[in-house]
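The tour goes stop by stop.

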Amino acid sequence: MRMILRTGKWVGLIILSFLLLYMLAFLVSPYIPAYTSKRSGDKTKRLYVSDNGVHCDIILPIEDIPAELLEELTYHAGTQYLAFGWGDKGFYLDTPTWAELRVSVALKAMFLPSPTAMHLTEHDEVLEKWGRADLTEEQLSELIEYIRSSFRLDEQGRPILIPNRGYTPRDQFYEALGNYSCFKTCNRWVNRGLQKIDVKTAIWTASGKGIMRYLD
């Protein structure tokens with residue numbers, strides 16, 4: 001019995017230590033910028049990032065998205081901007097509102113490697129609250145490749161649509177690559193994309209704060 005209690009005590013301490021370290025990283029890391037190299041060339045392109053308080057999306061003008069990618073996606077004519085978000089599939093599809101969040105879904109998303117989905121949302125105009133950064137043609141090309149590489153593709157090399165699961169008529173879900181966890185969150189996906197193209201952002205962040213504070 002003593003051994004069981006002792007083991008339980010050590011397990012509890014390990015879990016508590018992990019949670020404390022994670023919370024410390026969560027709070028501190030947004031203030032530590034990642035190294036970025038300067039890119040030469042005219043910055044004639046622009047990306048946007050939205051943050052709803054929990055989840056960030058990368059947003060691009062539709063005219064800057066290659067035709068071959070647009071042909072593989074479902075969206076309405078007249079759409080001006082497309083937002084891309086990567087995240088936990090169960091969380092995305094089973095929790096349309098915070099009121100419907102189940103503890104089991106949240107725990108699985110945070111602590112167990114879980115399947116992911118790409119969320120595509122249509123916009124007609126730039127919102128004042130979006131962050132923004134100017135890019136060179138090279139940076140834009142690399143960002144689009146990063147986004148496309150996150151989709152799971154079918155045998156014909158096309159993104160796999162998850163039918164009839166959007167929240168509104170103007171958003172869609174697609175199968176995605178990678179697993180979600182407390183270390184690889186939706187915001188970390190956006191953060192990682194910005195790091196890859198040398199846009200200033202946090203060294204690591206699980207929240208949108210480490211992304212939005214560095215954007216105009």
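**Stop 1: the sheet**

Select strand 4 (residues 116–123) and strand 7 (residues 171–175): they pair in the antiparallel sense over five bridges. Two strands count as paired if DSSP finds at least two bridges between them. Helices (H or I, at least four residues) and strands (E, at least two) are DSSP runs, numbered from the N terminus. Now pick Thr121; its bridge partner in strand 7 is Asp171.

This is a predicted model, where local features need pLDDT of at least 70 and side-chain atom pairs count only at pLDDT 80 or more, while totals for chains, interfaces and linings use all residues. Residues are numbered from 1 along each chain as its sequence is written, and side-chain values use heavy atoms, with hydrogens and water left out.

**Stop 2**

Axes are lines fitted to C-alpha atoms, for helices over the stretch in contact (heavy atoms within 4.5 Å); angles run from 0 to 180 degrees between N-to-C directions.

Next, helix 6 (186–196). Nine of its eleven residues are buried (under 20% relative accessible area; exposed is over 50%, partly exposed in between; 1.4 Å probe, protein chains only). Among them are Trp189, Val190 and Leu194. The buried residues pack against strands 1, 2, 3 and 4, helix 5 and helix 7.

**Stop 3: past helix 6**

Just after helix 6, Asp198 takes a positive phi of about 65 degrees. Is Ile203 buried or partly exposed? It is partly exposed, at 45% relative accessible area. Its C-alpha is 5.2 Å from that of Pro33, 170 residues apart along the chain. Ile203 also touches residues including Arg188, Asn191 and Gln195.

**Stop 4: a pocket**

Show the second largest pocket, about 260 Å³. On a 1 Å grid over the protein atoms alone, a pocket is an open set of points where a 1.4 Å probe fits, with protein on both sides within 12 Å along at least five of seven lines; lining residues have an atom within 4 Å of a point. Grid points are joined across faces, edges and corners, and the volume is the space filled by probe spheres set on them.

Of its 15 lining residues, Lys43, Asp134, Asp198, Val199 and Lys200 are the closest to its centre. Strand 5 (residues 131–135) gives the largest share, three residues.

Definitions and conventions. Lists of a residue's contacts leave out its neighbours within four places in sequence.
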